[in-house]
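Take a look at the model below. The walk-through starts at one residue and then widens to the whole chain.

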Amino acid sequence: MQLSTQGDRMPFTSPRSSPTAILGDDLITVVKLLHLVRQHAPRQHPQVDPMAYPLLFNLVAAPKRVSALAEAIHSDVSTVSRQVSTLVDLGFIDRGPDPDDRRAQALTLTDEGRTLLLAIRDDRDRWMQGLLADWDPDDVAQFSTHLRHFAKDLENSLTTLTSRTTS
């Protein structure tokens, strides 16, 4: 499937467009293409929805409660809870007592979960290497640096928006 663009830009881009307007157009194109790639990418496990992958990635460093996991991936607790239940049933996540509050439960990645996570990351790395095969390694590193900076600023803006809407 091909997205409708004229050359390298969205059809309504004009010479008077600001750099941020052009960036916004380009980001919309990239988000749509990544969504399409995600829909057609093979799954590492037939019963694990790729939308649940961020849960696994966020449990690598330390156990988390469902509420902290939902906050980390910017999702609602009920959705994360359903995804966690599936991952627990499949043996990729364990529930146990929260070391800070024994009344609560903390989620940890199992060995099977770590194996799945490594397979997901290895597949993504192979795909990215193929996609960026003609890129200079310094350009890849620089793009990654800019992308992390953008993600940090985007996350900070979400925090600001959330605090404004709850005040």
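Is threonine 110 buried or exposed, and what is its relative accessibility? Threonine 110 counts as buried, because its relative accessibility is 7% and buried means under 20% relative accessible area, exposed over 50%, partly exposed in between (1.4 Å probe, protein chains only). The model is a predicted one: local features need pLDDT of at least 70, side-chain atom pairs count only at pLDDT 80 or more, and totals for chains, interfaces and linings use all residues. Residues are numbered from 1 along each chain as its sequence is written, and side-chain values use heavy atoms, with hydrogens and water left out.

Threonine 110 sits in the loop between β2 (101–109) and α5. Its side chain has a polar atom 3.0 Å from the backbone nitrogen of glycine 113. Not counting residues up to four places away in sequence, threonine 110 touches Gly91, Phe92, Ile93 and Asp94; contact means heavy atoms within 4.5 Å.

Now the chain. It has six helices and two strands. Helices (H or I, at least four residues) and strands (E, at least two) are DSSP runs, numbered from the N terminus. From that end, the order is α-α-α-α-β-β-α-α. Of the 167 residues, 20% are buried. Among contacts with a separation of 6 or more, 46% join residues 24 or more positions apart.

Next, the largest pocket. A pocket is an open set of points on a 1 Å grid over the protein atoms alone, where a 1.4 Å probe fits, with protein on both sides within 12 Å along at least five of seven lines. This one holds about 2600 Å³ of space. Its lining counts 43 residues, and lining residues have an atom within 4 Å of a point. Leu34, Arg124, Trp127, Met128 and Leu147 lie nearest the centre. α1 (19–40), α2 (53–58), α5 (111–131) and α6 (137–166) each supply at least two lining residues. By class, the lining has 28 nonpolar, seven polar and eight charged residues.

Last, the aromatic rings. Tryptophan 135 and phenylalanine 143 form it, 5.6 Å centre to centre and with 70 degrees between the planes. The pair is edge-to-face, because ring centres within 6.5 Å make a pair and planes over 60 degrees apart count as edge-to-face. Tryptophan 135 is partly exposed, with a relative accessible area of 36%. Phenylalanine 143 is also partly exposed, at 42%.

Note on methods. Grid points are joined across faces, edges and corners, and a volume is the space filled by probe spheres set on the points. Ala, Val, Leu, Ile, Met, Phe, Trp, Tyr, Cys and Pro count as nonpolar, Asp, Glu, Lys and Arg as charged, and the others, Gly among them, as polar. Rings of Phe, Tyr and Trp (its six-membered ring) pair if their centres lie within 6.5 Å; planes under 30 degrees apart count as stacked, over 60 as edge-to-face and the rest as tilted. A polar contact is a pair of N or O atoms within 3.5 Å; within protein, one must be able to donate a hydrogen and the other to accept it, and residues adjacent in sequence count only if both atoms are side-chain atoms.
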